[in-house]
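Subject: Structure handover

Hello,

Here is the structure that I am passing on to you. Please keep it open while you read the notes under it.

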Amino acid sequence: MRRGHIAVVAAAGALTVLGAVPAHAAEYSSALKIKGVQYDAPGRDSNSCATGNTDEEYLTIKNYSRTATVNLKGYVVKDAAGNKFTFTKNHSLQPGDYVKLRGGHGTDSDANNVVYRNNCNFMWNNDKDTIYLYKSSGAHADTHAYTKSANDRDGNGYITYHG
């Protein structure tokens, strides 16, 4: 009797711990994860293609695998409003490597770890948003919700998720 009682208590404790994990912290089976987001570009927001600062808004995606190289082609990044960007070109991330997905126009570069959305509109809201990363298969890779007041304690417009 005593062993059965201990097992029930241990199981109940495990359920309590699992139940406390917030939905926005769900873990998906993916080597690629969102490392951080510069959701509020420094300075006054301007989405002018000629003089704006949308290139200062970026999402950092990192390959957390210790052994696998991952090609970003076909991966999709979306926000809560349904705005999305699809990686249409080959861009391979070695283990531990990262890429900054920037707004605005520019030249994609493996050497400089940058891909441009070729869109001068801001993607991330300055007050709150949700970032979704999908694998080329359509499966979730990572998701994070943020609010400026709760997640950006130093007020610099940048939030780190996975170290």
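The notes below go through the disulfide, the salt bridge, the core, the aromatic pairs and one tyrosine.

First, the ground rules. This is a predicted model, in which local features need pLDDT of at least 70, side-chain atom pairs count only at pLDDT 80 or more, and totals for chains, interfaces and linings use all residues. Residues are numbered from 1 along each chain as its sequence is written, and side-chain values use heavy atoms, with hydrogens and water left out. Helices (H or I, at least four residues) and strands (E, at least two) are DSSP runs, numbered from the N terminus.

Disulfide

A disulfide is a covalent bond between the sulfur atoms of two cysteines. The rule applied here takes a pair of cysteine sulfur atoms within 2.5 Å, and by this rule the count comes to one disulfide. Its partners are Cys 49 and Cys 120, with an S to S distance of 2.1 Å. Cys 49 sits in the loop between β1 (32-38) and β2 (58-63), and Cys 120 in the loop between β8 (114-116) and β9 (128-134), so the bond ties together parts that are 71 residues apart in sequence. The torsion about the S-S bond of Cys 49 and Cys 120 is about 120°, and therefore the disulfide is right-handed.

For accessibility, buried means under 20% relative accessible area, exposed over 50%, and partly exposed in between (1.4 Å probe, protein chains only). Cys 49 is exposed, at 54%, whereas Cys 120 is buried, at 6%.

Salt bridge and Glu 57

A salt bridge requires a side-chain nitrogen of Lys or Arg within 4 Å of a carboxyl oxygen of Asp or Glu. The count is one salt bridge: Glu 57 pairs with Arg 117, and the closest N and O atoms are 3.7 Å apart. This pair also links distant parts of the chain, since Glu 57 is in the loop between β1 and β2 and Arg 117 in the loop between β8 and β9, 60 residues apart. Glu 57 is buried, with a relative accessible area of 2%, and Arg 117 is buried too, at 12%.

What else does the side chain of Glu 57 reach? The side chain of Glu 57 comes to 2.8 Å from the backbone nitrogen of Met 123. That is a polar contact, meaning a pair of N or O atoms within 3.5 Å; within protein, one must be able to donate a hydrogen and the other to accept it, and residues adjacent in sequence count only if both atoms are side-chain atoms.

Contact in general means heavy atoms within 4.5 Å. Leaving aside neighbours within four places in sequence, the contacts of Glu 57 include Gln 38, Tyr 39, Leu 101, Phe 122 and Trp 124. Glu 57 and Leu 101 are 44 residues apart in sequence, with C-alpha atoms 8.4 Å apart.

Nonpolar core

A nonpolar core is a set of buried Ala, Val, Leu, Ile, Met, Phe, Trp, Tyr and Cys residues joined through side-chain atoms within 4.5 Å. The largest one has 23 residues, and Leu 59, Val 77, Phe 87 and Trp 124 touch the most other members. Two or more residues each come from β1, β2, β7 (98-102), β9 and β10 (140-147). The largest share, three residues, is that of β1. Beyond four places in sequence, Val 77 is in contact with Leu 59, Ile 61, Phe 87, Leu 101 and Trp 124, among others.

Aromatic pairs

Rings of Phe, Tyr and Trp (its six-membered ring) pair if their centres lie within 6.5 Å; planes under 30 degrees apart count as stacked, over 60 as edge-to-face and the rest as tilted. The count is four aromatic pairs. One of them joins Phe 85 and Phe 87, whose ring centres are 5.0 Å apart and whose planes meet at 85°, so the pair is edge-to-face. Phe 85 is buried at 11% and Phe 87 at 2%. The rings of Tyr 132 and Tyr 134 have centres 6.3 Å apart and planes at 15°, so that pair is stacked. Tyr 132 is partly exposed, at 24%, while Tyr 134 is buried, at 18%.

Tyr 64

Tyr 64 lies in the loop between β2 and β3 (70-71) and is partly exposed, at 28%. Not counting residues up to four places away in sequence, Tyr 64 touches Ala 31, Lys 33, Lys 35, His 162 and Gly 163. A polar atom of the Tyr 64 side chain lies 2.7 Å from the backbone oxygen of His 162. Tyr 64 and Ala 31 are 33 residues apart in sequence and 5.1 Å apart in space, C-alpha to C-alpha.

Regards
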